[in-house]
Amino acid sequence: MAKWVYAFGDGKAEGRAGDKNLLGGKGANLAEMCNLGLPVPPGFTITTAACVHYYGNGRAFPGELEREVDAALEEVGRITGKRFGDPAKLLLVSVRSGARASMPGMMDTVLNLGLNDETVEALAREAGDERFAFDSYRRFITMYSDVVLGLDHEVFEEILEDEKAQRGVELDTELSAADWRQIVDLYKQKVVEELEKPFPQDPREQLWGAIGAVFSSWMNHRAITYRRLHDIPESWGTAVNVQAMVFGNMGDTSATGVAFTRNPSTGEKALYGEFLVNAQGEDVVAGIRTPQNLTETARIAAGSDKPSLEKVMPEAFATFVDIANRLERHYRDMQDLEFTIERGKLWMLQTRSGKRTAKAALRIAVEMAGEGLIGKDEAVARIDPASLEQLLHPTIDPKAERNIIGTGLPASPGAATGEIVFTSDEAEELKGHGRKVILVRVETSPEDIHGMHAAEGILTTRGGMTSHAAVVARGMGKPCVSGAGGLRVDTRAGTLMAMGVTLKKGEIITIDGASGQVLKGAVPMLQPELSGDFAAIMEWADGARRMKVRANAETPADARTARSFGAEGIGLCRTEHMFFDEDRIISMREMILAETEDGRRAALAKLLPMQRSDFVELFEIMAGLPVTIRLLDPPLHEFLPKTQEEIGEVAKVLGVDPAKLTERTEALHEFNPMLGHRGCRLAVSYPEIAEMQARAIFEAAIEAGKTTGSPVVPEIMVPLVGIMKELDFVKARIDETARTVMEEKGEKIDYLVGTMIELPRAAIRAHVIAEAAEFFSFGTNDLTQTTFGISRDDASSFLETYRQKGIIEQDPFVSLDQDGVGELVRMAADKGRATRPEIKLGICGEHGGDPSSIHFCEEVGLDYVSCSPFRVPIARLAAAQAAVRKS
């Protein structure tokens, strides 16, 4: 029989940290803290399995759930000496979500549940504080109406702002108990006015409404968007955590806060966080009030005149520091903590592995390895390979002139320049048109997730270092400046006012997430240098991985970048890219227009020294490392002009009749070029092209070998082979050219000839093709197209719909389809090795830089992956993690 509810409290729990899949991250860690004897308000967790049942049965709860919830509530009452719904022994609860993967702010929370017109009076008597009781009640009405009843919280914010204006006050804390009573009445009237029914007074009705709302929030727009961005499966569901309330808003001896055991931006080993006196948790993360620093050191560094928790509540602070250190040692990772202090007593509400920037992740992993908390392999495994891209963001040139118009908190590192936009929809729209934007908001909310993803950076005028904007931006690797209180945003007017300057939507600003500065206009940037902690992790990763990592590169700049990032050769040099330069395209077009082989060879002779020079430079940069050069692949018509105007211009340069050029262009036209006259088919039709390229490769190899002192062993790749005889035909021309060059130069050349496996037939016949091919490189871009029968250029119009409807989990052009395309790769690898045990196997499609695809390559036993230069560090790390996981 399924168990739907797991209790915790009073120093024991039915769950533990390892139950994350069942209890969600929050529930599992609440249970673990209880088992450790830490001060945790008692409660219970409704499992993720109940959420899955809820969606699988028309949004209906499991039949046994009500009984189990009642029993768990009784146990919470026993521990606290209270009873849910009983004004004489008032027990209030919070209802929070908790998926197995952290999704900060994406789902819903309800606090102070159980309050009604009767129990609020009981709370006032019990606390001896009428103002606190009605402040809590108005918060509950706002949250419950928003989350459960569907009445937007802004409706209540408008009422509150009007009431404060009438009383001439600015802060919520300046309102009296009588004020809050009146505001509560206005809130309840608004509920009746908008929903035509009163605010629910039955605590049990409130509880089940909140549980259903939390389950329902798993499928809200912002949660769906977050899951898509972070590859979190919809099938996981969320747990629901119900806990006895503790109050941070019971006066000046109460507080609430958020903390990290290490700095999540830099990784520094120092307590980092914020708190608010006389507040509830959502006040800190929502950014409605600018919070205070936890430590005196942080307060001084921030230049704040507001006292730290260390000064305001030294005993509670000392206890918190001890617990924070204990939890970090227990979990062996940096922790993200939430806490409340109720009349001087500290309560822990959450612990989880804290989200961090890539820079911080590297430092934390390296330092924890140095402290003996984790080993080097675990340090390598701790880094998300994809997050390394954060390190590649530009920073502002120190020499640049800075026209500073405002300063906020340095919430997420990096710098960004873009047009000002004031709404997330505008950000997404302009991003779709290829424009770079900075999302400027008073404060962000979870509804802004799509705009934050679209923007280059985020600027808010409210909120602290742990506000929604800060946490989400850090997770995305986006620069963010928060709490820039000196700026004034008027969303309706579309203006940003700063230091006497008024900027309008569309004007350019730059934000510096490292300093918190907001600058007018675009500012020169510098590219980052990777060293220190990055170098240490990469060294450990290189020691752990088996597969080599190469780069896809055909220009000297790309090759140098690849080397600087640790590439161990070139896995794909696309030679066709070399022919599009202005001084070369003319000769290429002459070759295409030539009507005889002699004419084509004459044009190719002009291209030979250019091609040879290209290869010499690549070979010299790689200095003896392997270089795989793919022979000409695309259809010839790609090199010809398209419009009549272009045809006229080209004809004039070539000295030919435009009609002849038009005729040749039309003759080369294909209905489906991707499956047309390209790849090895060109080399069969026009072997002189392959011969010229082979000669350029061999002559360059000899020359570069002499200049570098490192012998060059070029790897010549014949593309789009599907029939063994195609490879035989082209390889014979390559071998003949090699013999000729060796005789002419009096030098011996070692080289390999292989093929790209990019057609299903090639994979099926790999055992035969391996008789001639000395290496296989899996061209998974085309292999995915030909296996699925989908054009990559057209697939975007429907693949996202497929993903949303659950037909596919990921775009197969982004992450390898391991069941289909992957099975062909596995088959070809096995067949190739059966024929030629020493055959070299690699992958050179875009998947070569995708961590999930790299793990598959390790499973199959490929020798190397090849990816774009800027993804080489990602591939190195992912390859190491794959090797460690397999061992």
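Reader: Which residues of helix 24 are buried?

Author: This is a predicted model, where local features need pLDDT of at least 70, side-chain atom pairs count only at pLDDT 80 or more, and totals for chains, interfaces and linings use all residues. Residues are numbered from 1 along each chain as its sequence is written, and side-chain values use heavy atoms, with hydrogens and water left out. Buried means under 20% relative accessible area and exposed over 50% (1.4 Å probe, protein chains only), while helices are DSSP runs of H or I, at least four residues, numbered from the N terminus. In helix 24 (residues 658-668), the buried ones are L661, T662, T665 and L668.

Reader: Which exposed residues does the face turned away carry?

Author: That face points away from the buried side of helix 24. Its exposed residues are E663, E666 and A667.

Reader: Is E163 buried or exposed?

Author: E163 lies in helix 6 (residues 153-167). Its relative accessible area is 8%, so E163 is buried.

Reader: How are helix 32 and helix 33 oriented to each other, roughly parallel or roughly antiparallel?

Author: The axes, lines fitted to C-alpha atoms over the stretch in contact, with angles from 0 to 180 degrees between N-to-C directions, cross at roughly 30°. Angles under 35 degrees count as roughly parallel, over 145 as roughly antiparallel. Helix 32 and helix 33 are therefore roughly parallel.

Terms used
Helices (H or I, at least four residues) and strands (E, at least two) are DSSP runs, numbered from the N terminus. Angles under 35 degrees count as roughly parallel, over 145 as roughly antiparallel, 65 to 115 as roughly perpendicular and the rest as oblique.
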